[in-house]
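Reader: Can you walk me through the side-chain contacts in this one? Keep it brisk.
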Amino acid sequence: MDPLDGFGSPRREEAAADSRSAWTRFSSWLECVCVVTFDLELGQAIELVCPQDVKLTEKEKTSICYLSFPDSYSGCLGDTQFTFRLRQSVGRQCFRDDIYNRDAPVTLQRETAHFFGYVYFRQVKDVSMKRGYFQKSLVLVSRLPYTHLFHSLLQIIAPEFFEKLEPFLEAVCNEIDQWPPPTPGQTLNLPVVGVVLQIRIPSKTDKPGGSPDRQMTKESLLPVPTLLPTIHELDLFKCFQSVLIHLQMLWELTLLGEPLVIMAPSPTVCSETILALVSSISPLKFCCDFRPYFTIHDSEFREYTTRTQAPPNVVLGVTNPFFIKTFQNWPHIVRLGEIKMAGDLPKQVKVKKLSKLKTLDTKPGIYTAYKTFLHKDKILIKRLLKGIQRKRPSEAQSAILRRHLLELTQSFIIPLERYMASLMPLQRSVTPWKTPPQVRPFSQDEFMSTLDHTGPQLTSMLRGDWMGLYRKFFRSPNFDGWYRQRHREMTQKLESIHLETICEADLLGWTKDKSEVEIVDLILKLREKLIKAHRQQLQVKDGVLDKLDAFMNSIVSSLPEDLQPILNAR
C-alpha cells in the first residue's frame, strides 16, 4: 500500500476534495447514505455507501454497522425507525460552516465532531434467506439534527429502495444534490421521487415558541408540496407519556447535564426519549455528549462504563438488559417498559432506590436518589390528564408540553441573560484609537444577588430552591457552553462596534502628522482586523468593510514606492 494513500494523507485528501466538489449541495444536507445488511459470516456489514467516493474510516464504518441494527433483545419485526449519534474519527477534518451556524438557532447548529445516523430498519420473514429473515437498514448520515425531516424522507424512499435497490438510491442522491442548501429563515421546496417536501429552516432570530410566516413560493409546483410543519421537533407527549409526573425531575437532570441512562424496549423508544430530553431545555443548547442509541459494541463503551472514575456527563439510550449490571454505579437510570394504560392515563413509572437495580428483569422505574430543586407543576399534569380524557390529539398535548418546557427554561435563563448583558461595556467606551474594552468577568455571587429583584419568580409560578439549582448549574457543561457562546457573541459585537467607530473617525486627518512607522503600524492592525472580520463573518453596517479597505489602499499608495509592494503583498 502506498503510504501517501492512508486516511488523511495529502493524496487522498486532494482526491476527496475533487470528488466532493461534485456533491456540494448533497453534502450540505447529508454526509452519505449507507446500506447495512446482515452477513452470516461477517455479521452486520456495509453493503453500499452513496456517494461512492465518501471516505469513512474503518472505525466509523464499524460503529455505523452496529448502531444500524436493533439488538436481539428488541425483537423488532417489520419496519423500525430510530436515530443514533457517533463520534467522528480523530484526524477527520473538522467541518466548518460559519455562515449556517451563525444564523441557525444553537440547538440546530451543524455538528462539528459527531454524525447523526437516521435509520430505517426492515426485518421480515424470507424463506429464501439462510437465517429465514430479510434484514437490512437504510441509514442517512448527517451533521444536521433534522430528526423529523430525515425520518420523513426515509418513510418516502426506504420502502421503494428495498424493492429497487442500488440504482434507485443513486437516483435519490442525485435528486438531493439538486436541493438548495439549508438556509436559516428560508422556506425550501425539496423534490424527491415524485414528492415535494416543503420545509422552513428555523433562524436564530425567530421568536422561541412562535410560528414564523413561511415565504410562499410564486411558482405553481406540481406535484403540490407536502408541508412538513417542523424539521426537528418530536411528539413530546408520546415520548414522555409514561414519565409525565416526573417531567420536572427529568428537565432538571438534563439542564444540569447529569449522567443519565434511558433503558427502553426498542431503539425507537430510547432514541426518541433521549432526543426529547435534549430538546426539553431549548433554547438552551445541551452541551454534554448524548447517544440516542448505544450498544456494547460502541467504540466508547469502555470509556463510558469504566468504574475507576465517576460516570461522565453523558445521556445514553440502551435496549440491552446487560447494561443494568454495567451501569450500577450510575446515579440516574430510567427503565421504560411497554406502555400500559391505567384507566385513561398511561401507567406512570415510579421513583425507586438505586439499590433495587440489581436484576436483569428490573421493573420499569426511575432509579435515582435525586431530589428536585423545584416543585412539580400539578396544574400541567391536570391539564394533560384532562386532555387524555377528552381525547385531545397528541399534537395538541405535545404543544402544551413544549410551551411549558420553553417557559420553564426561559424563566431560568432570562435572569442569566439579563446579568450577562450588564457585563457588556458601554458603547461610548469604544474609541477608534484604543483596543476595544473587554466583557466584564462573570461573578456568580454578583449574579445571585440580583435574583431577589430580577429572578425566575417574575415569570414562573413554580416554587422551590431556584438558587440551589443555579449553583449546581454553574458546575455543569451546559453553563460552560452557554457562557462561552454568549461571551464569544459579545466579544464579536464589541469588535463590530470598534470597526464601525474606526470607519466614522477621520483616519486621513490622523495620518497627517504621523511618522511612516506609525502609519504602517495602523495599516497592519487594520488589515488584521479586516481579515478577522471576514473570517468570523462579523455583522457590521453596510459599507464599513469596503470603506476601510479603500482607506488602506489610498494610504498605501501615498507611501514611498519601495514600501508599497511589501504592504500590498501581505
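Author: First a term: buried means under 20% relative accessible area, exposed over 50%, partly exposed in between (1.4 Å probe, protein chains only). This is a predicted model, where local features need pLDDT of at least 70, side-chain atom pairs count only at pLDDT 80 or more, and totals for chains, interfaces and linings use all residues. Residues are numbered from 1 along each chain as its sequence is written, and side-chain values use heavy atoms, with hydrogens and water left out.

Reader: Is Arg291 buried or exposed?
Author: Arg291 counts as buried, at 1% relative accessibility.

Reader: Which residue does Arg291 form a salt bridge with?
Author: Glu300, with the closest N and O atoms 2.8 Å apart. A salt bridge here is a side-chain nitrogen of Lys or Arg within 4 Å of a carboxyl oxygen of Asp or Glu. Glu300 is buried too, at 4% relative accessible area. Salt bridges that share partners join both into one network with Arg85, Arg87, Glu111, Asp289, Asp298 and Glu303.

Reader: How many salt bridges by this rule?
Author: The count comes to 26.

Reader: What about Arg402 and Glu233?
Author: Their side chains meet in a salt bridge, 3.8 Å from N to O. Arg402 lies in helix α13 (residues 394-422) and Glu233 in the loop between β8 (226-227) and α7 (236-240), so the pair ties together parts 169 residues apart in sequence. Helices (H or I, at least four residues) and strands (E, at least two) are DSSP runs, numbered from the N terminus. Arg402 is partly exposed at 25%, and Glu233 is partly exposed at 33%.

Reader: Switching to rings. How many aromatic pairs?
Author: A search of the whole structure finds 36. Rings of Phe, Tyr and Trp (its six-membered ring) pair if their centres lie within 6.5 Å; planes under 30 degrees apart count as stacked, over 60 as edge-to-face and the rest as tilted.

Reader: Why is Trp29 with Trp179 called edge-to-face?
Author: Because the planes are at 90°, with the ring centres 5.3 Å apart. Both Trp29 and Trp179 are buried.

Reader: And Phe323 with Phe327, what type?
Author: Stacked, because the planes are at 10°; the centres are 5.1 Å apart. Phe323 has a relative accessible area of 0%, and Phe327 has 0%.

Reader: Which ring does Arg85 lie over?
Author: Phe290, at 4.1 Å from the ring centre. The rule: NZ of Lys or CZ of Arg within 6 Å of the ring centre and within 35 degrees of the ring normal.
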